[in-house]
Amino acid sequence: MNHDADGAELLTIGAFARASLLSPKALRLYDELRLLPPAHVDPVNGYRRYAPAQLERARLVAWLRRLGMPLTRIREVCELTPDTAAEAVAAYWAQVEADTAARRDLAAFLVDQLQRKDTAPMTASATPLTMRYAARTDRGLVRPANQDAAHAGPRLLAVADGYGPEGGRAAAAAVSALQHLEDAPAGTDPLSALEEAARRAHRAAPTADEATGSTLTALLRAGSQLALLHLGDSRAYVLRDSGLFRITHDHSLVQSLIDEGRLTPEEVPSHPQRAQLLRSLDGGSPFTPDLQLLDACPGERYLLCTDGLTGVVPPESLQAVLTAAETPEQAVADLIALAHAAGAPDNVACVVADLHPADAEVPAA
């Protein structure tokens, strides 16, 4: 067969590749994915031939790939009418720009942190800090039980999100394992202390016939520094004059797919494995937390929360509440109210803490 149904001569895969700006290797992949199957495949030698009418779709695929659009999304766009496809491309690019802005904010946070390193040794002892804090967990509106845990104290902030049949016990045990750090002696290395306490919790994690474990995100104050430990997909944020910065990176399958460009953030809610963690406290997998030492300043507000909040409340809403609330207690209440307004399909835990100079008068609740 050398012609299509309209009598046009079919193109070899090489000729079609040159005309469509797609490589033969890409065309073979798109055939396997049924995104761009050839018009005819020779039953004897397997040669692929394409109809000239397929060039429009092929060029659209090529352009969308240059934009970085995932193949699953490209397949959907190719099936739309031109007007609807244009709207889908515009929506995708708006998300790309939002993600780029988020990475720009993270870069600004890192630049700010690194610049502080030069002055931290001189100012650390001159600006001792204290915290005002609030913590709260909520079952949400769908789950039959609350498997989240939270702690807020003068030195320690922590949230944990349990999963599996013993998830509630795992989360409570993870937070409990850190609470003795509130009374750690002066001069204790905060990062080492956090890591060792979390390691003990990891080893002691409850076992069950089904997968059981917990996330853990914690901050431990030592002078004018905060030690951060993070495992899983709970999160930590800091609100500064320049905006709200996320200071943790999710240890989840969907986040790894986003990092690889194989998934977009808007595709996460419908992904069948959106809850799968790559790191957690489970007693069975390697203990590999993220550890970081942050230079803290008076006036900063920190938020630690589980994905029951961030899964339904967008960052701009988090920032609006954290900016407007006069106290941590009010911020925590308002954040959980936002989760409820969005349906609260999961348990919610959140901790909010404000940093003040140790000799300053702390605002009353």
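Arg199 forms a salt bridge with Glu195, the closest N and O atoms being 3.2 Å apart, where a salt bridge is a side-chain nitrogen of Lys or Arg within 4 Å of a carboxyl oxygen of Asp or Glu. The model described here is predicted, so local features need pLDDT of at least 70 and side-chain atom pairs count only at pLDDT 80 or more, while totals for chains, interfaces and linings use all residues. Residues are numbered from 1 along each chain as its sequence is written, and side-chain values use heavy atoms, with hydrogens and water left out.

## Salt bridges

Arg199 and Glu195 are separated by about one helical turn because they lie four residues apart in helix H7, residues 190-203; helices (H or I, at least four residues) and strands (E, at least two) are DSSP runs, numbered from the N terminus. Arg199 is partly exposed, with a relative accessible area of 25%, and Glu195 counts as partly exposed at 25% relative accessibility. For these terms, buried means under 20% relative accessible area, exposed means over 50%, and partly exposed lies in between, with a 1.4 Å probe and protein chains only.

Helix H7 also holds Arg200 and Glu196, which are four residues apart, about one turn of the helix. Their side chains meet in a salt bridge of 3.7 Å, N to O, and both ends count as partly exposed, Arg200 at 39% relative accessibility and Glu196 at 33%. A salt bridge also joins the side chains of Arg169 and Glu166 at 3.1 Å, N to O, and Glu166 is partly exposed, with a relative accessible area of 28%. In general, side chains of opposite charge can pair when their charged atoms come close.

| Salt bridge | N to O distance |
|---|---|
| Arg169 and Glu166 | 3.1 Å |
| Arg199 and Glu195 | 3.2 Å |
| Arg200 and Glu196 | 3.7 Å |

A search of the whole structure finds 13 salt bridges. Elsewhere in the chain, Asp31, Arg34 and Arg48 are linked in a network of salt bridges.

## Strand pairing

The protein has 11 helices and 14 strands. Three of the strands form an open sheet in the order S1-S3-S2, with antiparallel pairing; two strands pair if DSSP finds at least two bridges between them. Strand S1 (11-12) and strand S2 (40-41) are the edge strands of this sheet, each pairing on one side only. Between S1 and strand S3 (residues 48-50), the antiparallel pairing runs over two bridges, and Leu11 stands opposite Tyr50 in S3.

Strand S5 (residues 148-152) pairs with strand S6 (residues 156-163) in the antiparallel sense over five bridges, and the two strands form a hairpin with three residues between them. Within this pairing, Ala152 stands opposite Leu157 in S6. Four of the five residues of S5 are buried, so the strand is largely enclosed by the rest of the structure.

Gln319 is found in helix H10 (residues 315-324) and counts as partly exposed at 32% relative accessibility. Not counting residues up to four places away in sequence, Gln319 touches Leu239, Gly243 and Leu244, a contact being heavy atoms within 4.5 Å. Gln319 and Tyr237 are 82 residues apart in sequence, and their C-alpha atoms are 9.6 Å apart in space.

The second largest pocket has a volume of about 240 Å³. On a 1 Å grid over the protein atoms alone, a pocket is an open set of points where a 1.4 Å probe fits, with protein on both sides within 12 Å along at least five of seven lines, and lining residues have an atom within 4 Å of a point. Strand S10 (235-240), H10 and strand S14 (348-357) are the elements that give two or more residues to its lining. The largest share, three residues, comes from S14. In total 15 residues line this pocket, of which Leu239, Asp241, Gly299, Glu300 and Arg301 lie nearest its centre. By class, the lining has six nonpolar, three polar and six charged residues; Ala, Val, Leu, Ile, Met, Phe, Trp, Tyr, Cys and Pro count as nonpolar, Asp, Glu, Lys and Arg as charged, and the others, Gly among them, as polar.

## The chain as a whole

Of the 365 residues of the protein, 44% count as buried. Among contacts between residues at least 6 apart in sequence, 66% join residues at least 24 apart.

How values were computed
Grid points are joined across faces, edges and corners, and a volume is the space filled by probe spheres set on the points.
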